[in-house]
Amino acid sequence: MEKNRRWWALVAVALGTFMTYLDNNVVNVALPSIQRELDLSISGLEWITSAYILVFAGLLLAGGRIGDVLGHRMVFLSGLGIFTVASVAAGLAGSQELLIGARAVQGIGAALLSPAALALLQEFFPDPKERGTAIGIWGAVGALALAVGPLTGGVLSQHVSWGWIFLINLPIGVATFALSAIAMPRRAGATRAAGSLRRLDPLGLALSSLALFALTYALIEGDAKGWTSGLILGSFAVAAAAAVAFVVQQARTADSMVNLAFFRLRMFTGGLLAMGLWAFGVFGIYFYMAIYLQNVLGFSPTEAGAGFVPLALITAVGAVLAPRFEARFGVARVTAFGLAVMGAAIAGIARYGEGTEYLDLLPWFALYGVGGGLLIPLSQVVVGALPPERAGVASGMLNVSREVFGLLGVTVLGAILSNRAGATTGSELHRYLVGYQFSMVVAALLVLAGVPVSLWMLRRARVSEERVPVPVLETV
């Protein structure tokens with residue numbers, strides 16, 4: 001592949017990823033405007049966000065497997081097309097049902113696009129040094145989406161119309177599709193018609209999707225329905241039963257989606273755990289810090305979104321520089337350092353309550369961005385730990401780790417905040433701050449737990465250790 005085309009292909013992959021990351025958090029700030037215009041119920045309002053996350057997380061493993069079998073280029077373009085069309089439908093929706101349905105279809109497109117994006121970078125950049133740079137850039141663009149999402153949602157819903165938070169994806173999607181079609185080469189044998197249905201492993205796709213759907217639903221609805229309600233306990237039971245059935249089925253399948261030998265690779269399993277802890281901190285802190293900035297410091301939705309921009313910019317710079325640090329100091333040390341810095345920053349943020357100024361928080365935001373950026377190139381380690389023909393599934397599992405741990409971050413911290421606030425006396429604001437600060441301390445401790453995990457599991461294996469598992473991965 002020509003060098004220039006390779007880098008233009010990176011731009012296309014990064015833009016596609018930016019769209020999906022943006023839609024993960026662009027809606028929250030615009031929800032009040034959507035509720036007023038469409039006269040939504042509280043349940044409908046919740047499902048505008050939940051429908052996307054539920055379908056996206058539920059189909060990630062399936063999307064990765066489909067890319068491995070049918071070709072990542074074709075699956076990336078298919079996902080991009082579905083996502084763009086669904087975005088237009090969401091932007092033009094005139095009822096709650098149409099909007100929720102369009103959001104669910106967006107989730108399907110994102111579940112195809114996201115695993116294929118990272119797998120394509122593995123194809124386009126076979127040289128490890130170039131690949132590290134490419135993944136750093138890709139990760140930096142994704143980090144920017146985390147901050148641009150709330151800011152974009154606030155500005156468009158406040159000054160234009162909430163529909164444009166979705167319609168803005170149309171020009172981005174069309175440009176990305178055109179650039180992808182030109183810059184991404186068609187690889188020989190990428191589409192394998194003969195035996196594709198068998199290789200897709202329909203039963204494995206169904207069981208993995210059912211397990212992830214049920215788990216994601218329980219995590220999303222647990223707080224509202226009650227963690228001990230029959231529906232939530234039943235969802236957890238379905239998730240556990242489907243997961244067990246999936247493991248048994250995979251062990252008996254010659255060309256399995258997820259070979260159990262994958263998890264004997266320390267770099268793969270350790271990378272998933274480290275990325276999960278990163279997501280726990282990032283998703284949880286973004287969610288509750290946004291509430292803190294608005295409810296305690298009195299920020300408007302647009303101001304709250306803008307407050308995260310410095311953090312995201314520093315994260316993006318860290319993501320670009322991290323491959324150089326990784327080459328110099330090793331992935332274990334860089335990852336451990338990143339988690340340590342994130343944990344320290346969260347602990348620093350936990351010290352502040354009422355009467356805080358934004359400038360008091362800014363140094364901790366900056367420190368948090370440094371730590372977060374250092375972990376983004378970990379994606380290369382996880383996907384690179386498996387054979388190239390499993391890049392889609394590896395990318396899907398990485399995304400699952402990020403989404404599930406991210407939901408856990410919001411859910412667990414929310415439960416801790418509520419319980420701690422409920423056990424405290426005083427004004428409503430005082431009780432909230434006590435719960436908020438305590439939940440931040442817990443988050444810091446959980447992120448810091450990733451430091452010894454990273455140092456142990458991500459240390460470079462001896463050559464003999466690295467070579468042993470490769471043939472085992474082909475069959476169980």
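**Exercise 1. A charge and a ring**

Which residue lies over the face of F438, and at what distance from the ring centre?

Solution. Keep in mind that this is a predicted model. Start at the ring of F438 and look along its face: the residue lying over it is R420, at 4.1 Å from the ring centre.

**Exercise 2. Classify two aromatic pairs**

Find how many aromatic pairs the whole structure holds, then classify Y52 with F83 and Y432 with Y436.

Solution. 

Step 1. Searching the whole structure gives seven aromatic pairs.

Step 2. For Y52 and F83, the centres are 6.4 Å apart and the planes make an angle of 70°.

Step 3. Now place the two rings. Y52 belongs to helix α3 (residues 42-70) and F83 to helix α4 (residues 72-92), so the pair ties together parts 31 residues apart in sequence. Both Y52 and F83 are buried. With F56, they make up one aromatic cluster.

Step 4. Turn to Y432 and Y436. Their ring centres are 6.1 Å apart with planes at 15°, so this pair is stacked; the cut-off for stacking is under 30 degrees.

Step 5. Y432 and Y436 are four residues apart in helix α19 (residues 428-448), which means about one helical turn separates them.

Step 6. Check burial, for which the limit is under 20% relative accessible area. Y432 has 19% relative accessibility and so counts as buried. Y436, with a relative accessible area of 1%, is buried too.

**Exercise 3. Describe the surroundings of T176**

Is T176 buried or exposed, and which residues does T176 touch beyond four places away in sequence?

Solution. First locate T176: it sits in helix α8 (residues 169-183). Next read its relative accessible area, which is 0%, so T176 is buried. Finally list its contacts, leaving out residues up to four places away in sequence: A12, L15, G16 and L80.

**Exercise 4. Follow L207 across the sequence**

Work out where L207 lies and which residues it contacts beyond four places in sequence.

Solution. L207 is part of helix α10 (residues 202-225). Its relative accessibility is 15%, so L207 counts as buried. Now compare sequence with space: L207 and A241 are 34 residues apart in sequence, while their C-alpha atoms are 9.3 Å apart. Setting aside neighbours within four places in sequence, L207 is in contact with A242, A245, F246 and Q249.

Conventions
Residues numbered from 1 in each chain as written. Predicted model: local features only at pLDDT ≥ 70, side-chain atom pairs only at ≥ 80, totals over all residues. Heavy atoms only, no water. Phe/Tyr/Trp six-rings, centres within 6.5 Å; stacked < 30°, edge-to-face > 60°. Helix = DSSP H or I, 4+ residues; strand = E, 2+ residues; numbered from the N terminus. Buried < 20%, exposed > 50% of the residue type's maximum accessible area, 1.4 Å probe, protein only. Lys NZ or Arg CZ within 6 Å of the ring centre and 35° of its normal. Contact = heavy atoms within 4.5 Å.
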